Amino acid sequence: MAKVCLCLTGRTILKDLELVDRYRSYIDVAELRVDFLDPDERFYIRRFPALAGIPTILTVRRKIDGGNFVEGEGARIVLLAAGLAFADTDRRRNFAYVDLEDDLDVPSLEEAARTFGTKIIRSYHNFNGVDADLEQKLRSLRRTGDEIAKAAVMPQSYEDVAKLYQVAEQTRDIDKILIAMGPHGVSTRILAEKLGSHLSFTSPLVEVASDADIQVAGPGQLDPKTLVDTYRFRSLTKDTKVYGIIGYPLTATSSPQIHNRGYDEKKIDAVYIPFPVQDLPSFFSLADTLDIQGLSVTVPHKETVLSYCSQRSSEVERIGSCNTLVKTSQGWAGYNTDAKGFSDSLLHFIGKQSLWNKRVTIIGAGGVAKAVAAEVYRLKGRALILNRTQYKAKEVAEPLNFAWAGLDNRGIELMDRYRDIIIQTTSVGMEPNIDEDPIELYKFRGKEVVMDLIYKPEETKMLKRAAKAGCKTLNGYDMLLRQAKLQFLLFTGQEYPD
Ligand code: NAP
């Protein structure tokens with residue numbers, strides 16, 4: 001079973017030991033990155049495995065391989081030798097692994113490692129892409145059958161990531177570690193078991209790593225707790241079904257927490273992974289390779305994915321935007337769960353069955369605003385649509401016979417006639433831009449029901465103002481949960497757990 005390895009990038013041995021203790025229950029292996037230690041700390045590396053009480057990798061990574069070590073090769077070899085010297089008869093007090101790059105040729109180091117039971121990881125790094133001959137490269141890395149071949153490559157596209165999975169399949173027979181670094185490679189950190197990887201590298205949570213005495217290691221690494229708790233790393237298998245979310249930049253999504261928790265409770269062998277996607281065609285080649293079964297779709301792809309759908313639900317046809325793709329034998333079937341998620345959430349909040357007699361302002365005219373407008377229309381409400389780009393407000397409003405205007409003084413004045421319910425659907429006010437308010441010129445009377453589809457932060461600047469004026473307010477989390485539950489049913493055929 002693939003192991004979880006914590007990459008230790010503290011400036012002192014003490015800091016690294018603190019990190020091991022913090023994550024001990026989540027990790028199987030630690031990697032002592034000697035290249036991050038202050039020079040004086042290097043005298044104590046030999047004692048590290050005994051102090052840490054966990055199998056440890058000894059690594060002294062050069063700058064050219066993505067590390068911090070800038071001194072000469074002689075000094076590096078001396079450090080590696082110091083780490084392997086004076087082996088203890090109790091092997092747990094020795095380094096369990098040593099990382100030697102493929103171009104490092106020091107037979108005495110290899111002999112010392114083999115004699116005392118330290119496994120050699122023979123590593124190769126490519127920060128510019130994925131080698132065309134990666135399979136051959138991986139096979140030729142190992143000098144003897146007991147070494148672990150490690151290739152860490154930087155994909156430039158999801159097609160590159162797909163290639164990594166193909167190479168993993170072709171090299172099932174060898175002990176290896178395969179990593180796609182950077183934002184394209186997150187799935188390779190989670191799906192180590194599918195890749196047949198010996199271990200997956202993790203780093204401390206960003207808040208912990210922001211400590212001045214710790215530096216960030218590999219780009220794209222997750223923290224151990226997220227890998228184990230959110231992505232259920234320990235229960236994933238070679239056959240685990242893959243689902244996920246595509247969007248860009250995809251920084252504020254809570255969907256992985258919701259879906260993975262559902263799989264856990266329902267004991268479904270599945271995992272839900274975030275894929276930050278800019279280039280859709282390249283992503284769909286990875287979706288084929290991984291046989292991805294279902295996808296949530298978010299900004300900016302809700303309309304562009306329509307061309308990938310071989311079937312579209314009646315909501316998708318009605319609204320013109322798709323937030324859910326389900327793989328079928330005929331291709332991708334497109335659905336829209338935003339619409340029902342939104343209306344169920346709003347109606348539940350106001351305790352009504354429809355929006356009959358309600359005058360509603362919808363701020364925004366993007367993908368989700370289309371779903372909101374279509375639902376307000378279906379529920380017999382009358383609406384005004386305000387958007388920064390006016391022609392888009394017109395495009396959404398006119399087919400429904402709604403009023404429209406720009407997000408400007410005139411638009412704000414018009415709101416006086418549509419203020420029973422105000423629904424904010426733009427990304428204005430979302431983390432990290434929490435000081436923004438899309439309708440800062442509008443004065444709340446205190447009688448409006450105000451819904452902001454944003455859920456991070458929990459209360460946007462606009463919602464705070466509305467609540468202060470006495471309005472009833474609702475954020476987007478309930479809608480998110482409701483639409484995710486509908487997706488869960490479409491993906492798995494099972495109801496989301498209570
Ligand atoms: P989208 O298609 O990209 O639309 C973005 C909208 O925001 C457009 O109306 C755009 O106006 C407007 N906008 C962006 N920056 C602006 C600015 N600086 N000033 C004024 N208007 C600005 O995105 P979407 O899919 O509709 O999603 C929009 C928001 O809804 C996001 O925050 C998303 O997280 C949230 N959402 C929540 C849920 C949920 O379940 N709670 C579901 C879906 C979406 P222009 O047309 O002028 O560019």
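User: How much volume does the second largest pocket have?

Analyst: Its volume is about 660 Å³. A pocket is an open set of points on a 1 Å grid over the protein atoms alone, with protein on both sides within 12 Å along at least five of seven lines. Grid points are joined across faces, edges and corners, and the space filled by probe spheres set on them is the volume. Please note that this is a predicted model, in which local features need pLDDT of at least 70 and side-chain atom pairs pLDDT 80 or more, whereas totals for chains, interfaces and linings use all residues. Residues are numbered from 1 along each chain as its sequence is written, and side-chain values use heavy atoms, without hydrogens and water.

User: Which residues are the closest to the centre of the second largest pocket?

Analyst: Lining residues have an atom within 4 Å of a point. Of the 20 residues that line the second largest pocket, Tyr231, Leu250, Thr251, Thr253 and Pro274 are the closest to its centre. Helices α10 (224-230) and α11 (255-265) and strand β10 each supply at least two residues of this lining. Helices (H or I, at least four residues) and strands (E, at least two) are DSSP runs, numbered from the N terminus. By class, the lining holds 10 nonpolar, 8 polar and 2 charged residues. Here Ala, Val, Leu, Ile, Met, Phe, Trp, Tyr, Cys and Pro count as nonpolar, Asp, Glu, Lys and Arg as charged, and the others, Gly among them, as polar.

User: β10 supplies residues to that lining. In what order do the strands of its sheet run?

Analyst: The sheet is open and has 6 strands, in the order β10-β9-β11-β13-β14-β12, with mixed pairing. Its edge strands, β10 (270-276) and β12 (309-312), each pair on one side only. On average, neighbouring strands of this sheet are turned by 25° against each other, direction ignored; the angle is taken between lines fitted to C-alpha atoms, on a scale from 0 to 180 degrees between N-to-C directions. Two strands pair if DSSP finds at least two bridges between them. For example, β9 (residues 241-247) and β10 are joined by 7 bridges in the parallel sense, and Val242 stands opposite Val271 in β10.

User: How many cavities of 30 Å³ or more does a search of the whole structure find?

Analyst: There are 2 of them. The largest cavity holds about 50 Å³ of space, and its lining includes Arg46, Phe95 and Phe116. That lining divides into 6 nonpolar, 3 polar and 1 charged residues. The second largest cavity holds about 40 Å³.

User: Which element gives the most to the lining of the second largest cavity?

Analyst: Strand β8 does, with 3 residues. Elements β7 (176-180), α7 (186-190) and β8 (199-202) each supply at least two residues of the lining, and Leu199, Ser200 and Phe201 are among the residues named there.

User: Are the two faces of β8 covered or open?

Analyst: In a regular strand the side chains alternate between the two faces of the sheet. In β8 both faces are covered: Leu199 and Phe201 are buried on one side, and Ser200 and Thr202 on the other. Buried means under 20% relative accessible area, exposed over 50%, and partly exposed in between, with a 1.4 Å probe and protein chains only. Strand β1 (residues 3-8) pairs with β8 in the parallel sense over 4 bridges, and Lys3 stands opposite Leu199.

User: Is Met181 buried or exposed?

Analyst: Met181 counts as buried because its relative accessibility is 6%. Met181 lies in the loop between β7 and α7. Along the sequence Met181 and Gly220 are 39 residues apart, yet in space they are 5.7 Å apart, C-alpha to C-alpha.

User: Finally, what distance separates the end C-alpha atoms of α19?

Analyst: They are 22 Å apart. The expected span of a helix is 1.5 Å times one less than its number of residues. For the 16 residues of α19 (residues 477-492) this gives 22 Å, so the two values agree. Its buried residues include Met479, Leu480 and Phe491. Just after α19, Gly493 takes a positive phi of about 75°. Over the whole chain, buried residues make up 56% of the 498 residues.

Note on methods
1 Å grid on protein atoms, 1.4 Å probe; cavity = no way out; pocket = protein on both sides within 12 Å on 5 of 7 lines; lining within 4 Å.
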